[in-house]
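Morning, everyone. I have one structure to go through today, so please look at the screen.

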Amino acid sequence: MGQIIKGKPVADKISEELIKEIEMLKGKNLVPKLAIVRVGARGDDLAYEKGALGRCKKVGVETEVHELPEDITQEDFIKELEKLNADKAVNGILTFRPLPSQIDESVIKYVIAPEKDIDCFSPVNVGKMTEGDKTGFPPCTPTAVLEILKHYDVKLEGADCAVIGASMVVGKPTALLLLNENATVSVAHIFTKDSAKVARGAEVVVVGVGVPRLVKESWIADGAVVIDVGINVDAEGNMCGDVDFDKVVDKTSMITPVPGGVGSVTTSILAKHVVKACKLQNNL
Ligand code: NAD
C-alpha cells in the first residue's frame, strides 16, 4: 500500500517558517497584510475565506475582508481594487473568482497591482511563472502541489510527470511549475484521446479535473506518486477527490488523501505569498 502523504506536516512546516519571518518583519515595524475581495457570499468562497483567515491569524498575517454586493458595477469594483492597490498597509490582494457576469475578468486582471497579486490573476504573474521568475506569484494551489512533492522528497528532475486537467487554476500552472523543475510533463484534458494512457506513462500524476473518483487503478503505473487536487462532494454527501482513492492506493508509492491533502496546504501558500509580497515591497 502506498504511503498516504498528508498536507498537514507540510502546512505546519511552512507556518513555523512564516512565524519566524513575521517576527523578523515586526522588528522592522512591518506587519504583512492580506485584503480579501469577495463579491456576494458563495458557499465555496466563504469556506476558503474561513480557512485563509484562520491560517493567516495563526502565523500573524493581518487580514481584512471586503464584501461587495452581488450587483456591483465593473466601475465600482475597479475603484475598490484601485483603493487597495494604493493602500500601503495592504501587501496582498485575493479576489475570489469567478466574478459575476457584469464584471469582465479580462479587464480586471490588468487592474490588480502585480506586486500585490498573490494568487496569479495578473498576466504579469502568469508571465513570470512561465519564465520561472521567482519574484512572481504562481497560483496557490499548484504551488501547494509542488511544496508537497518537495516535502516528501519526490525527485522531479527528469521525472515523467502527467497532469490530468488543464485549467488556468490547477492544471496548466502545475504543468509549468513541474517543467520549471526540469520534469518531463504531459498534460491531458477533456479533448485528450486517452487520458488514462497519459497517466499510466508517468511516475508522478497530478489530477485536477473536478470529476469525482475519475482516476481508477488502471490509470496508474505501479509505484507512481499520485497527487489529487480534486475537491468534490459525492452522491452520499461525502467529500472526495478526483482519484478513486480506495482502488488506487495499493498501486501507488505515495498518494495524497482528500480531504487532508493539497487543500490543507493551499492557505499556507497564500500566507507565504503575502509575507513574500511584504518583503519585496520593502526591498527585503
Ligand atoms: P475546471 O472545471 O476549471 O477544469 C477541469 C479541467 O479538467 C479542464 O481542463 C478539463 O478539460 C479537464 N477534464 C475534465 N474532465 C476530464 C477527463 N475526463 N479527462 C481529462 N481531463 C478532464 O476545474 P478546476 O478549477 O481546475 O478544478 C479541478 C478540481 O480541483 C476540482 O475538483 C476543484 O474543486 C479542485 N480544486 C482544488 C483546489 C485545492 O486547493 N485543493 C483549488 C482549486 C480547485
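Before the helices, a definition: axes are lines fitted to C-alpha atoms, for helices over the stretch in contact, and angles run from 0 to 180 degrees between N-to-C directions. Keep in mind that this is a predicted model.

With that, take helix α1, residues 8–26, and helix α6, residues 140–151: their axes are 10 Å apart and the packing angle is about 100°. An angle of 65 to 115 degrees counts as roughly perpendicular, so α1 is roughly perpendicular to α6. Which residues meet there? From α1 there are P9, V10, K13 and I14, and from α6 there are E147, I148 and H151. Sorted by class, the contact of α1 with α6 has four nonpolar residues, two charged and one polar.

Next, the sheet. Three strands make up an open sheet, ordered β3-β2-β4, with parallel pairing. β3, residues 62–68, and β4 are the edge strands, each pairing on one side only. On average, neighbouring strands in this sheet are turned by 20° against each other, ignoring direction.

β2 and β3 are joined by seven bridges, and K33 sits opposite E62 in β3. Between β2, residues 33–39, and β4 there are four bridges, and here I36 is opposite L94 in β4.

Is β4 buried or exposed on its two faces? Both are covered: G92 and L94 on one side are buried, and so are I93 and T95 on the other. Helix α2, residues 43–59, lies across β2, β3 and β4 and runs at about 170° to β2.

Last, the domains. The assignment gives domain 1 as 29–114 and domain 2 as 140–263, and their centres, taken over C-alpha atoms, are 29 Å apart.

Notes
Residues numbered from 1 in each chain as written. Predicted model: local features only at pLDDT ≥ 70, side-chain atom pairs only at ≥ 80, totals over all residues. Heavy atoms only, no water. Buried < 20%, exposed > 50% of the residue type's maximum accessible area, 1.4 Å probe, protein only. Pairing = 2+ DSSP bridges. Domains from an automatic or database assignment. Parallel < 35°, antiparallel > 145°, perpendicular 65-115°, else oblique. Contact = heavy atoms within 4.5 Å. Nonpolar A, V, L, I, M, F, W, Y, C, P; charged D, E, K, R; others polar.
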